Each structure stands twice: as C-alpha cells, then as structure tokens.
Amino acid sequence: MSLLEEIITFNQKFVEEEEYVKFTTDKFPDKKLLILSCMDTRLVELLPKSMNVKNGDVKFVKTAGATVSHPFGSVMRSMLVAVYELKTDEIFVVGHHDCGMAAINADVMIEEMKERDITTETLNTIENSGIDVKKWLRGFDDVSESVKNSVNIIKNHPLMPKGIAVHGLVIAPDTGKLDVIVDGYIDLHK
C-alpha cells in the first residue's frame, strides 16, 4: 500500500467515525496568535504542548528554519492575512537548537539537485533571471540571530500595523524549553 492509499484509507475511517468533531473550531485563533516555526518533525507535537496551545488557539506557519527570507513572499503575506483578516494581534517566531538550516551547504545541495536530474541549464536560467541560487539556499550560522532577523523583517514591514507584538523565541527540540530572544512587548512600549 502506498503512503497516499494509507492516508486515504485512514481518512475514510476518520470521517465515518466522526473523529473530526473534537477538532471543530472556527477560522479565528482563540489566542489571537500566529506562530512561525520550523518544519522540523520534532516540533510537530512538542511546540504546541510547550506553549500551551491547542487546536483553534493559533495560526501556524512553518518554514525551513522559521525564517522570513523575503519581505514580500508568501510567508509574510500569510502573516498579514492573519493580522488583517483573522484577528491575530501577536506573532511568535520560534526557531530551534540543532536546526538543519544551520547545516545547509548550498554547493552540496546544488550537486544533489544535479544528481536528481536538475540540469545545469536550468540552474543557469535561474541565475540569469537574477536569482543567486546559492544565496537563496543558504542557511544560517546562529539560530538566535536568525530569529532576530525574522522578527525585524516582520515588525518593520511597511504593511504591518503598529501595535502588533512580534516575539522571538528558541526552543530546545529535546526538552521543549523556550528561551526568549526578543520580547515584542518591550518594543511596543518604547
């Protein structure tokens, strides 16, 4: 059985047995909170539990490294939609120790792309279109600095309204311990 078939078979039973009822909520987060976190598998259940959030409490956006890499990309657009349309008034950027993005080597990844039939011609076309592929794929050296950078992009975005608290945290993926890197309330009271 393929993974798709396994998921669809499970889903049919899930719907038939009305398992979805216990997850019923609306589209507005009860805690008026958006969390930008890494897509790391260790955080799927650990992060919400460590922050005392459950289904219906928050909006989640996940990226590699919990980063905002472009101020006008889909991650930032999602945050603006959450603020303006979904009643979110706080944003938490939560990076984590031992993040895979800290170990990304763009040259190695490009070689892996070529091994999986991405041609040099395709890479050259992207480069000639003004995209520095190595820079675009680059990770970070320090998770705390990366979190601060994402917080700064969000809070200084020209379309982000004043009064939105943007916090930065780093979680330990083995214990769930959260360290505050940026207290967004401090900036609101300056």
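**Entry 1: E4 and its neighbours**

I started with strand E4 (165-171) and found four bridges joining E4 to strand E5 (residues 178-182), with the two running antiparallel. I noted the rule for pairing: two strands pair if DSSP finds at least two bridges between them. Helices (H or I, at least four residues) and strands (E, at least two) are DSSP runs, numbered from the N terminus. Within this pair, Ile-171 stands opposite Leu-178 of E5. E4 and E5 form a hairpin with six residues between them, and Gly-176 in the turn has a positive phi of about 85°.

Before going on, I reminded myself that this is a predicted model, in which local features need pLDDT of at least 70, side-chain atom pairs count only at pLDDT 80 or more, and totals for chains, interfaces and linings use all residues. Residues are numbered from 1 along each chain as its sequence is written, and side-chain values use heavy atoms, with hydrogens and water left out.

Next I looked at E3, which is joined to E4 by seven bridges, the two running parallel. Here Ile-91 has Val-166 of E4 as its bridge partner.

How many residues of E4 are buried? I found that seven of its seven residues are buried, and E4 is mostly covered. Buried means under 20% relative accessible area, exposed means over 50%, and partly exposed lies in between (1.4 Å probe, protein chains only). I then checked which way they point: Ala-165, His-167, Leu-169 and Ile-171 go one way, while Val-166, Gly-168 and Val-170 go the other way.

**Entry 2: E1 and its partners**

I moved to strand E1 (residues 33-38), where six of the six residues are buried, so E1 is largely enclosed by the rest of the structure. Which strands pair with E1? One is E2 (residues 58-63), which runs parallel to E1 and is joined to it by six bridges. In that pairing Cys-38 stands opposite Thr-63 of E2. Another is E3 (residues 90-96), also parallel, with five bridges to E1. There I found Ile-91 of E3 as the bridge partner of Leu-34.

I also traced the path from E1 through helix H2 (residues 43-50) to E2, which makes a right-handed β-α-β unit. Right-handed means that, with the strands pointing away from the viewer, the path from the first strand over the helix to the second runs clockwise.

In H2, I listed Leu-43, Leu-47 and Pro-48 as buried. They cover an arc of only 110° around the axis (using the directions from the helix axis to the C-beta atoms), which puts them on the same side of H2. The face turned away from that buried side carries the exposed residues Glu-45 and Lys-49. The buried residues of H2 pack against E1, E2, E3 and E4. Just after H2, I spotted Asn-52 with a positive phi of about 60°.

**Entry 3: the nonpolar cores**

I looked up the largest nonpolar core, which has 37 residues; among those with the most contacts inside it are Ile-35, Leu-36, Met-79 and Met-160. A nonpolar core is a set of buried Ala, Val, Leu, Ile, Met, Phe, Trp, Tyr and Cys residues joined through side-chain atoms within 4.5 Å. The largest share of this core, six residues, comes from H3. A second, separate core of five residues includes Ile-110, Leu-123, Val-133 and Leu-137. I wrote a general note beside this: in soluble globular proteins, nonpolar side chains tend to be buried together.

Met-160 touches, among others, Met-76, Leu-80, Ile-91 and Ile-154; contact means heavy atoms within 4.5 Å.

**Entry 4: a few loop residues**

I found His-157 in the loop between helix H7 (143-155) and E4. Is His-157 buried or exposed? At 3% relative accessibility, His-157 counts as buried. A polar atom of its side chain lies 2.8 Å from the backbone oxygen of Pro-71. His-157 also touches Phe-72, Met-76 and Leu-80.

Asp-98, in the loop between E3 and helix H4 (106-115), is not a glycine but has a positive phi of about 60°. Asp-98 is exposed, with a relative accessible area of 60%. Asp-117, in the loop between H4 and helix H5 (120-128), has a positive phi of about 75° and is not a glycine either. Asp-117 counts as exposed at 68% relative accessibility.

Terms used:
A polar contact is a pair of N or O atoms within 3.5 Å; within protein, one must be able to donate a hydrogen and the other to accept it, and residues adjacent in sequence count only if both atoms are side-chain atoms. Lists of a residue's contacts leave out its neighbours within four places in sequence.
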